[in-house]
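Here are my notes on this one, in numbered points. Have a look at the model alongside them.

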Amino acid sequence: MYGDKKMSFADYFSYNYMTLMTLSGLVLLMFVNRNAKIPASSYFRVGIILLLAITVSDYIGNYYKFLTVTDPDMTPLAIERRYIWDTISYIIRPVIILMEVLVILPDKKYKYLCILPVVVNGIIYSTRFFGSDLTFGLGEDNIFHEGPLHITVFVVQLIYLLLLLIFSLISFKQNVRQSIMIFGILAQAVIAALGEYVFQYDYDLSTQVTAFCILEYYMYLTAVYQREIRETALEKERDSARNELLVLKNQIQPHFIYNTLSIIRSLINTDKTKAADCLDDFTQYLRTHIGALKKTSLIPFEDELENAKLYLSLVQVDYEDGLKLEYDLGVTEFLIPPLTLEPLVENAVKHGIGWGGGAITVRTFTDGERIVVQINDDGSKAADEDAEFELPHNGIGIENTRKRLQLQCGGTLEIEITDHGTTAEIGLPRKVCEINEYTYS
């Protein structure tokens, strides 16, 4: 290097190879993420520019150091120039870490307070421009020696490293792995600083580590940003699902109420005593039904079954002995979305057996990794040759039930219609809906 006693870009590139390669990688990452809102990207751009300025000043300073040894005629000028470029380097160094601190500063009103140490360091090292040896100087043997305030730059960088640690832990305290990443970056910076100021390693090694730490910190913030984006998107998806559930519930609520009121109205004209009893049942039904509407979580199957039984008790008044109910409950200890069984039972009454009467069976059992709930009707209405055979089971109430099952627990709903009846089958994942000792822990 400096074989021809002239500065060249080739020598500069060779001297700062690792630093420039690291910075180029950072620039490429920033270009790829140009449309993303990575926290305070402008500070990283300033940091890159400052670090490039340091590589230039260090290279020029070392060039003049070389001249003081190889060309005695150039010694006075070389020493003066070396003072200038070394001073610039020492003034800029803490500013780079300051840029990283400003990226995650919790309260921007403390911005100017954070800038104060770097201003003090700049003022102290600027005294070298006026011939002061407070920070550093060269002896008669042309050997670098420290001044009484040379440690200022080291102290200021240490202050910023501590602030960076504190602010990072405050900002990312919920993620232990991210905190470990911060400790690793800071450890690298401290080791580089100790190497330069205690063990007198070459400046270019410290610059390389600084560039690498900036790259790591940008990658770290990019990972944090991507995680926050994913969490935000997931929360929006959850909000959308909750809103859709509310809309779906509101769609089916009038359907149940109006249908039951029609039954009570019919009874008032035929049997007022039964009407009064039905009104009591309907009151209990409304209490249970409205309570279920307020719930967004899964409820025990037995509670949902009780709600369906209340509805059927009202229906049976009109059917008298024409409606038969059977329960084959192989399993009851599981959870189910509220208001999923009742619309299927109601559908079986209205579109399955019709006013001619018939039998409805509610059956539960396990099937591998599923809990199955089946509602069967004997199809007396569907089997009536004089009746128009349609698929009313695919109406809005059934579709809403299917959507709520999918949204709340990943369940399924299948409807099978034959000449001998209709089967509505709910499939619930056991790992989500089965009640065990950990369900409510």
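**Notes on the model**

1. Leu113 sits in helix H5 (residues 111-126); helices (H or I, at least four residues) and strands (E, at least two) are DSSP runs numbered from the N terminus. Leu113 is exposed, at 57% relative accessible area (buried is under 20%, exposed over 50%, partly exposed in between, with a 1.4 Å probe and protein chains only).

2. A quick word on provenance: this is a predicted model, where local features need pLDDT of at least 70, side-chain atom pairs count only at pLDDT 80 or more, and totals for chains, interfaces and linings use all residues. Numbering runs from 1 along each chain as its sequence is written, and side-chain values use heavy atoms, leaving out hydrogens and water.

3. Leu113 also belongs to a nonpolar surface patch of about 560 Å², together with Tyr110, Leu116, Val119, Val120 and Ile123.

4. On the charged side, Glu302, Asp303, Glu306 and Glu333 form a negative surface patch. Glu333 is in the loop between strand E4 (323-329) and strand E5 (335-336), and is partly exposed at 45%.

5. Helix H11 (residues 341-353) reaches 17 Å from first to last C-alpha over its 13 residues, close to the 18 Å expected at 1.5 Å a residue. Eleven of those 13 residues are buried, so H11 is largely enclosed by the rest of the structure; among them are Leu344, Val345, Glu346 and Ile353.

6. Thr361, in strand E6 (residues 358-367), counts as buried at 12% relative accessibility.

Notes. Expected span 1.5 Å × (residues − 1). Patch = residues over 30% accessible without salt bridge, like charges linked within 9 Å, V, L, I, M, F, W, Y side chains within 5 Å. Areas by Shrake-Rupley, 256 points an atom, 1.4 Å probe, with all protein chains shown as cover. Salt bridge = Lys/Arg side-chain N within 4 Å of Asp/Glu carboxyl O. Lys, Arg positive; Asp, Glu negative; His and termini not counted. Charge placed at Lys NZ, Arg CZ, Asp CG, Glu CD.
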